[in-house]
Structures are given as C-alpha cells and as structure tokens.
Amino acid sequence: MYVHLQIYRSPTYIEKVTLQDLSKNMKIKELQEKIQEVYGVEISSQKLIHKGKIMCGANKETLLHYNVNYNETIQVHMRLALSNIENTNTETKKPEVEKPKGEVLEDCTSRLYKINDLVDVKDVAEGSDTLGAYFEAKIVRITKNPEPEASSDGLNYHIVYDKWSQDDTDYRISNLNLRPRARNLLELSSLKVDNEILVNYNQRNENEVGEWYEAVITEVTARRKILICTLKLGVYGTPLPDIKITQLSQIFRLEEPVPVKDRSPDVEKELLRHVPRQHTVDCEKCKDDDKKKCKECGCNKCGKKNNPETLLICDECQLNFHMKCVGLTELPEDDYYCTNCKREDTTIKPGDALINKKLKNAPSQNGNVKRDWGRGFACAGRSKTNDKVKKFFQGQIPGTQVGMTWFRRIQLAENGIHRPPVAGIHANEQVGAMSIVLNGGYEDDVDNGEEFMYTGSGGRDLDGNKRTNVQSFDQTLSKGNLGLAMNCDAEISQEGAEAKNWKKGLPVRVVRGSKLRKHSKYAPDDGFRYDGIYKVVKYYKEKGLSGFYVWRYVLRRDDESPAPWTKEGQKIKAERGWSVIYPEGYVPPPPKVKGKKRKLDKENLPANNSSAPKKRKFEISETLKKLTVKDKHNSKVWKEFLRKEFPSQQEFQDSLQETFSCSICMCLASEPRKLKCRHNMCKDCLNRLCKNGDDVAKICPLCREDIQGTESENEELREILNYVFPGYET
C-alpha cells in the first residue's frame, strides 16, 4: 500500500511526498528508517503524527496499531537539535512582588438592624432571572462601607441566605436593598386598592409558584378571587402594571424597620418569628420536599438529603453522592466520577505505548505471519463512492461494460456495481435486488454460464466476527432473499414461484469472482468480473446438501453484450485492451524465488530480472482510435488526448470524462452539441440556457464565446462516449 507524507522542513516549507510499497505489518521503526533512507530525515529528529496521535515504535508497534490505511497522510515533524535551541534560562532573580495585604473590615453598629436579624434581601445581581425579587436571609455581621452609595447609611450588612445556608460567599448588602422579614399573612378579603404587599409571581409561567416581589394593588375582588397588581421589578423598582396574581394562599404585609433602641423583648421575639414561604421548584420530581427521598436532588444512591456537606458531585453527570454511600472517607483530591461515568483518561499521550486488545492474539503480533494480507488492500475500506447513480439503482452502471474485471471486491462497492463489501446479495425488501456476487460461497450453487442456480443468504452462525461458516439452520424468505424474489415476474409466496414472463422481471447485475473457478469454468482467473444483466426465472425452497432448508434461485442471462467467456466477448476484451483494474497505488508483491525460501532484497535481485513486476499501461483499442478519426469537430482535442499515457482503464475513463464534460452541468455531455469554441454542452443544458430571458447572456461559461442556440448534434462524439461509457445517457 502507499501513504502520503508531509515533511515539515521549516516553519514555512512543507514537502509533500508519497511513500510506496508499505505493509500494515511494517513496524514504526522500519518506517522511520525508510524515511531516513529516502528523504534524509534522521530518526532522532523524526516526530510522526497520524490523525492527531504521536506514533511511537518503542514496543515494536506497527502501522496496524495506529489504524493507518492506504491513501492516508502521516505528518513528519523535524525536531531541533538541543544545540540549536536558545537557552532562555537565566539565573537572574525575579524581583519580589509585594503581596497585597488582606482587606481590613471595621465592625460597626446600625441604628435600624443588628446581628441575627431576619431580613428580606432584594436580588440586584446583574443578569439574574429574578432581578428585584426578595429572598429570606439573616444578618451575620455589620461593617463600615469604604465606598458608600448615595442616600445609604454607609454600612455593609453581611448576610447568609436561608435557602443556601452552606454557601460561604461573603454577601454584602446595602440598607437600600434590605428590609425586615415579612411575617404577617393577609387575607384576600382585607386587601384594598393602593395597599403595598409582598406577593408570589413566576415571570415564566404565571400559574406556577415563583419568587417574591413588592406590589401595589390596583384591583381586588375577594369573592371571585381576583387580585391584580403593579409589580416593582429590577434594582430601582420599575413598575410592571396589570399583573394577575394566581398564588393567593400566601400574601405578606410589608414590614417597616424598628430602631434597635426602641425594641422591647416582645418586639425582639416578633422580629425573629419565621414563616415558611413557597419558592420556585428546583426539583420537579420531589417538588423540593426535604422529607421526601429523591435521587435527583439528593444522594443518587440512597435518595436522602441529609448531611449536604458530605455530598460529592460527579463531574460528568452532575449527580450527588454521599461520601459514605460511595465508600469514601475523605474528599478526593482530583475530579470525581461516579461508576457510570468516565473514570480514567484514555488519551494516548506522547511516547505512551499503544494498547490494542484486538491485536493482542493476532497472528501478525506473535510472529506466526505467513501472509501479508494484500499489503494493506485486503482489509481496506471504501476510499470513494459512485454518486452518479442512486444507491438502489437497478440495471447496468453507466461506464461499466460486460467483461470488465477488478482486482479487489471493494472496488465493486466504490464503482457502485455491488455495494455491500461482504454480503453476496445487494437487495432491499421495498425495491428488490440490485446485484449478486458468485464467488463459491455456497455448496449448492450450480453455474452453467447463461443460466445458473443461486443459493440465498442466511442459515449460518456468524457470531465471533466470522465471514462464513457451515450451514447450521434453515434460511428464511426475508431481507436479501425476499428482495431477490421480488425481481421475479410473479407474486411473492413462501412456497416459491415461477415467472410468468421471465424477461419482464427486474434486472440483476451479476459478478463472478475468481474463487468460483474451482466449481465453474465460467469464472475469471483473477479478480471480480462483471458478466451483465440476469433475470430471475423462478425461486423455491428445498433441503440443501447440509440437510437444512435453503432458498434456490434460477437466473438466466438477458444482456445484449456478448458473455465474457464467448469468442465475441474475448474479441471485445482484446480490442479494447482490457486488463484487471487494480486499486490506486497498488504495488504487486515481488516474484517468488524457486528453491530455498529466502527473502528477496535489492542485492539478491538481478538487474535484468525478467520476472520483476512491470509498470502497467492501458492500451487504447484500434476500434476507438478509428472512431476518434471520424470526430472532425474535436480533431485537435483528440490529437492531444491520444498522446497521453494511462496506467489503467479507470484513469483513461476519468480523463476522458473530464475532457468531454458539459460546461454547465459538469457531467459527461449527453447528446453533445457542436460549439464554435470546441467546448462541450448537453442538449438539455443548451436548451435551458437559450430559454432564459434576454437579461441572461448566451455565452459559453468557460470561454465567454457567443452561443446561437441552433448548434447541431455531434453524432461522432456521442458514438464514442457510448462506446466507452455504455448506457451513460440513461
């Protein structure tokens, strides 16, 4: 296989190269040696990175450990030598920075409040959802404010909120945002217009419990339970008129502060009286009921809410856990993760050994390797997808001709001929079957060329990532089997059916693989060959050779092109110069040496070794050359095109498609027109361009040459394109 290298020679220059003839079993050390030999980068200076992971070969790691596939990129960073790195470590002592002294607070006394007074505190935090709401709190300290607000008493009141009693934040409140705790409940019948009260309101949903706001009554009807007020919101009490209050069970009277010197023992007792209030529910499950167990807001193990100081919060799921419930006696120093969340860092750090459990007992890792697995291509996935046709397209793929052969099965998936990389049937229970592969997978298959008997899928135990196994249970008419039966011109039946007119059935693309050669003389010698369109004649269920029921399908060839095994098919293959199409970047293995087994290296390989792999070259057939001579309109284009050399048929087709693509839709020109500028355009694209209004210029998009709209069809070019890409216009 091959990979691309990006060698960072300097901060401004990156050398991009391709390294050929690699194997997934190649060790990282061997790769570094090859980079040093070919590109002159010393091993000590190399830092290899693949998909964000630093590649380390300290424990004989291979490319397989790092999931390196062909056509991927490895970055090669060059480390600087220590002598080239400027030493910035100086022994000059940094000047000692004077540590700021702690803030000194001066305790004071207030005329209206004292420590332990119960108060209501207005929320004035910027960006808060409850700006202007009042929350219950207690004064714990009174100090002098060095930067007092205008009209305030110049003091800071340090408070602790009742709802968050464990919060150790030092909240400092001015007397402007403080008032005595409201404790006297009012009946709805006693309220009058213009009375100032403390009501509960939820700004998001007026029918639910919210927070407490100052309000002025504008309308009240006790009999109909109607209370409409003007709320005071925000820091400065901005009025919000015509608010209907729905929470009528608790309405408090606003209290005025009582000077400390005027308080009697009874007044002190009254000021410390606490009346519980309703607030916005934080937990929808338990409705903030402290007596009810809840695994959402309490401990996720026991559900209790006691001992909040011992609760741990999981950094992943944000659930609470008592230290006792999770078996801890003290707070962990690092982040805490519960048993259901991530508990360790699995990131591969620079220089760390790569641990792969799947490779632990692999033959490639214990020295029992007898095969190189196609030098990375046998296990390679799709590197591209044919998006020119739909996924469930039935019929011949445009650009694919009977007799074309591909080296690897994955190439069939890339070209859209047979999309599944493993399954033998590409079918869908809604639309039917698109293609099948005959590769000797079932013992019941019978191949007679023009007609063959095909066995359905299933009936095998493939647990343990197996690709095949012996028949161990009955097959069913479902999935791929049902899809293939739908292609038959007959009603679907669990007993089987025979086509009324087999030629009216849906088309099935058939591919034969070289493994079928041991059972059939119609199979190719190498790779996978496309053999054309077949139709389902009949399908039925019977006992197979293994003793289990299997579904059998009889398919008959219905294709205009000659079969590849016939003389006509062989003649077409010779005329068009077809050979096995190899994957991009594929390097054939070195020739085997007869006699003693020994490694074949450059020193042992003779210079004139005739068995060494030769560079492949695609030969353009004489028939195609004769067709190009007829195309007088594009004679200069063809003259330049035929001078090129193409390593494979695929590259020839890609280059031809790029040369004769439509200048509007950029696809292969369908019913091409003769333009003066020698560019190409589809008939439909030309008609759409000319139908536009006068405000749209009638010019070629590539060269700005004027277009008349009456250009004639290039029949010679159309014949050539249909010869190379049969059926592309469909």
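Arg172 is partly exposed, with a relative accessible area of 33%; the cut-offs are under 20% for buried, over 50% for exposed and in between for partly exposed, with a 1.4 Å probe and protein chains only. Arg172 forms a salt bridge with Asp170, and their closest N and O atoms are 3.1 Å apart. A salt bridge here is a side-chain nitrogen of Lys or Arg within 4 Å of a carboxyl oxygen of Asp or Glu. The model is predicted, so local features need pLDDT of at least 70 and side-chain atom pairs count only at pLDDT 80 or more, while totals for chains, interfaces and linings use all residues. Residues are numbered from 1 along each chain as its sequence is written, and side-chain values use heavy atoms, with hydrogens and water left out.

**Salt bridges**

- Side chains of opposite charge can pair when their charged atoms come close.
- The count by this rule comes to 28 salt bridges.
- Asp170, the partner of Arg172, counts as partly exposed because its relative accessibility is 42%.
- Glu196 and Lys232 meet through their side chains in a salt bridge of 3.7 Å, N to O.
- This pair links distant parts of the chain, 36 residues apart: Glu196 lies in strand E11 (residues 196-201) and Lys232 in strand E13 (residues 226-233).
- Helices (H or I, at least four residues) and strands (E, at least two) are DSSP runs, numbered from the N terminus.
- Glu196 is partly exposed at a relative accessible area of 44%, and Lys232 is partly exposed at 26%.
- Arg263 and Glu268 form another salt bridge, with the closest N and O atoms 3.7 Å apart.
- Arg263 counts as buried at 13% relative accessibility, and Glu268 is buried with a relative accessible area of 16%.
- A network of salt bridges links Arg183, Arg253, Glu255, Glu270 and Arg273.

**Helices H6 and H10**

- Two packed helices are described by the angle between their axes and the distance between the axes.
- The axes of H6 (residues 622-630) and H10 (residues 715-724) come within 8 Å and cross at roughly 160°.
- H6 is therefore roughly antiparallel to H10.
- Axes are lines fitted to C-alpha atoms, for helices over the stretch in contact, and angles run from 0 to 180 degrees between N-to-C directions.
- Angles under 35 degrees count as roughly parallel, over 145 as roughly antiparallel, 65 to 115 as roughly perpendicular and the rest as oblique.
- From the H6 side, Thr623, Leu624, Leu627, Thr628 and Lys630 meet Glu716, Glu719, Ile720, Tyr723 and Val724 of H10; contact means heavy atoms within 4.5 Å.
- Sorted by class, this contact has five nonpolar, two polar and three charged residues.
- Ala, Val, Leu, Ile, Met, Phe, Trp, Tyr, Cys and Pro count as nonpolar, Asp, Glu, Lys and Arg as charged, and the others, Gly among them, as polar.

**Buried residues and their contacts**

- Leu118 is in strand E6 (residues 118-122) and counts as buried at 16% relative accessibility.
- Neighbours within four places in sequence aside, Leu118 is in contact with Ala137, Lys138, Pro180, Arg181, Leu271, Leu272, Arg273 and His274.
- The C-alpha atoms of Leu118 and Glu136 are separated by 7.4 Å, and these residues are 18 residues apart along the chain.
- Asn428 belongs to strand E19 (residues 425-428) and counts as buried at 17% relative accessibility.
- Not counting residues up to four places away in sequence, Asn428 touches Phe392, Met434, Gly483 and Met486.
- Ser663 sits in the loop between H8 and H9 and counts as buried at 6% relative accessibility.
- With neighbours within four places in sequence left aside, Ser663 is in contact with Asn680, Met681, Cys700, Pro701 and Leu702.

**Positive phi in loops**

- Most residues other than glycine have a negative phi.
- Glu671 has a positive phi, near 50°, and is not glycine.
- Glu671 lies in the loop between helix H8 (649-659) and helix H9 (683-691), and counts as partly exposed at 22% relative accessibility.
- Arg704 is not a glycine either, and has a positive phi of about 70°.
- Arg704 is placed in the loop between H9 and H10, and at 56% relative accessibility Arg704 counts as exposed.
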